[in-house]
Amino acid sequence: MDYQSFFEEQLQALRDEGNYRVFADLERHRGEFPHATRRNGQGASDVTIWCSNDYLGMGQHPEVLAAMHKALDRSGAGAGGTRNISGTTHDHVELEAELADLHGKEAALLFTSGYVSNWAALGTLGAKIPGLVILSDSLNHASMIEGIRHSRAQKVIWKHNDLEDLEARLQALPANAPKLIAFESVYSMDGDIAPIKEICDLADKYGAMTYLDEVHAVGMYGSRGGGVAEREGLMDRLTIIEGTLGKAFGVVGGYIAASAALCDFVRSFASGFIFTTALPPHVAAGAAASIRHLKASGTEREAHQSRVAEVRERLDALGIPHVKNPSHIIPVMVGDPVKCKYISDLLLEKHGIYIQPINYPTVPKGTERLRITPSPVHKAEDVDKLVNALCDLWTQCQLARRPMAAQ
């Protein structure tokens, strides 16, 4: 077999479909986010980032940076190994305590990313609890799907946010079978939100545990940034809350929060925890500072929600179609992979606006989109530039607009 030809053929097929991903070489500047410098073969240019998951700009916050500098000077660069060998530092212990407090749980457990926390936690629970059946929402993140698959537990997929379908599938299982319902709060591509209370009601009715992925909600919702479950007063009803430190908290890492016994169980059996080098202490310190700040301050969340509403209103006024949802994620629908990438390229090359195209397999074919994530650090002039550029490109690409009556 000609291996190199095979690789090239597969990559060319992605290019022909408009689904080949190109990374932009970006350099963020301290204190200037969402503005950055883009470098390519022709030199450097200024860009404004409109698709970052650093939703609140906390990756640039002075308290976060100060905590990281202090920890770096105090403890050095690395953790020294896995948590089991020499990598558990006081910064890790403090961060886990902050996370447990954030979610009103007995304990929390850190991982190197949100992907790893889902993969390791779900994989371990599914593999180690005899006969466990995991009921997974059909739009769950790839990390949840991979964790469930890795566990080899029985998997039941229920229709997205469909309570009737979930109950029907729970009813079909033996009453004494251990069960775990796995779902997300804010779904990252459409921005819709799960009916958490009703899912918890079904879990109680059928004796199931609940596993809630709040990665796109922690820091963003609730009086202290505990997520949608905190906002709705439901954290105590959830068995496990999973989150990330790499989005609204602005750093990197993932975690679960649950009972002390459950966290200790995962800590003791999850290969994705046991055999992975721990997060550097300065990363843990920065994350803890970010969490502490957002527990006490609602300013960032209020400014963020205001900016999201403004962008939605401006898009509506121009008839630019976007998915209506109750979250901070604005999916602007293109519906064609080639045009989606073309618009993304022109936004970057001609307007200095960086928004990555979201194409298959991340979203189904025919639903290609630009995923816009406004932040409180985007200024009014940034919004003007964005909506004006989209208006011009919508006309240039002959894409349909949505009448005001349909908004």
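The following questions and answers concern a predicted model.

Biologist: At what angle do helix 4 and helix 9 pack?

Modeller: Helix 4 covers residues 114-128 and helix 9 covers residues 260-269. Their axes lie 10 Å apart. Helix 4 is roughly perpendicular to helix 9, because angles of 65 to 115 degrees are placed in that class. The packing angle is about 90°.

Biologist: How many residues of the contact of helix 4 with helix 9 are nonpolar?

Modeller: From helix 4, the residues Ala121, Thr124, Leu125 and Lys128 take part. They meet Phe265, Val266 and Phe269 of helix 9. The contact includes 1 polar and 1 charged residue, and the number of nonpolar residues is 5.

Biologist: Which residue of strand 2 stands opposite Glu27?

Modeller: Strands of a sheet pair through backbone hydrogen bonds, in a parallel or an antiparallel manner. Strand 1 and strand 2 (residues 35-40) run antiparallel and are joined by 4 bridges. The residue opposite Glu27 is Thr37.

Biologist: In the open sheet with the order 11-14-13, which residue of strand 14 is the bridge partner of Val332?

Modeller: That sheet has 3 strands with antiparallel pairing, and its edge strands are strand 11 (330-333) and strand 13 (357-358). Strand 11 pairs with strand 14 (residues 369-372) over 4 bridges. The bridge partner of Val332 is Leu370.

Biologist: What is the handedness of the β-α-β unit made by strand 5, helix 5 and strand 6?

Modeller: Strand 5 (residues 133-137) pairs in the parallel sense with strand 6 (residues 154-158) over 5 bridges. Within this pairing, Ser136 stands opposite Ile157. Helix 5 (residues 142-151) belongs to the unit together with the two strands, and the unit is right-handed.

Biologist: How many residues apart in sequence are the parts that the pair of Phe111 and Phe273 ties together?

Modeller: The count of aromatic pairs in the model is 3. The pair of Phe111 and Phe273 is edge-to-face, with 5.8 Å centre to centre and 80° between the planes. Phe111 lies in strand 4 (residues 107-111) and Phe273 in helix 10 (residues 271-274), so the parts tied together are 162 residues apart.

How values were computed: Residues numbered from 1 in each chain as written. Predicted model: local features only at pLDDT ≥ 70, side-chain atom pairs only at ≥ 80, totals over all residues. Heavy atoms only, no water. Axes fitted to C-alpha atoms, helices over the stretch in contact; angles between N-to-C directions. Parallel < 35°, antiparallel > 145°, perpendicular 65-115°, else oblique. Contact = heavy atoms within 4.5 Å. Nonpolar A, V, L, I, M, F, W, Y, C, P; charged D, E, K, R; others polar. Pairing = 2+ DSSP bridges. Right-handed = clockwise from strand over helix to strand, strands pointing away. Phe/Tyr/Trp six-rings, centres within 6.5 Å; stacked < 30°, edge-to-face > 60°.
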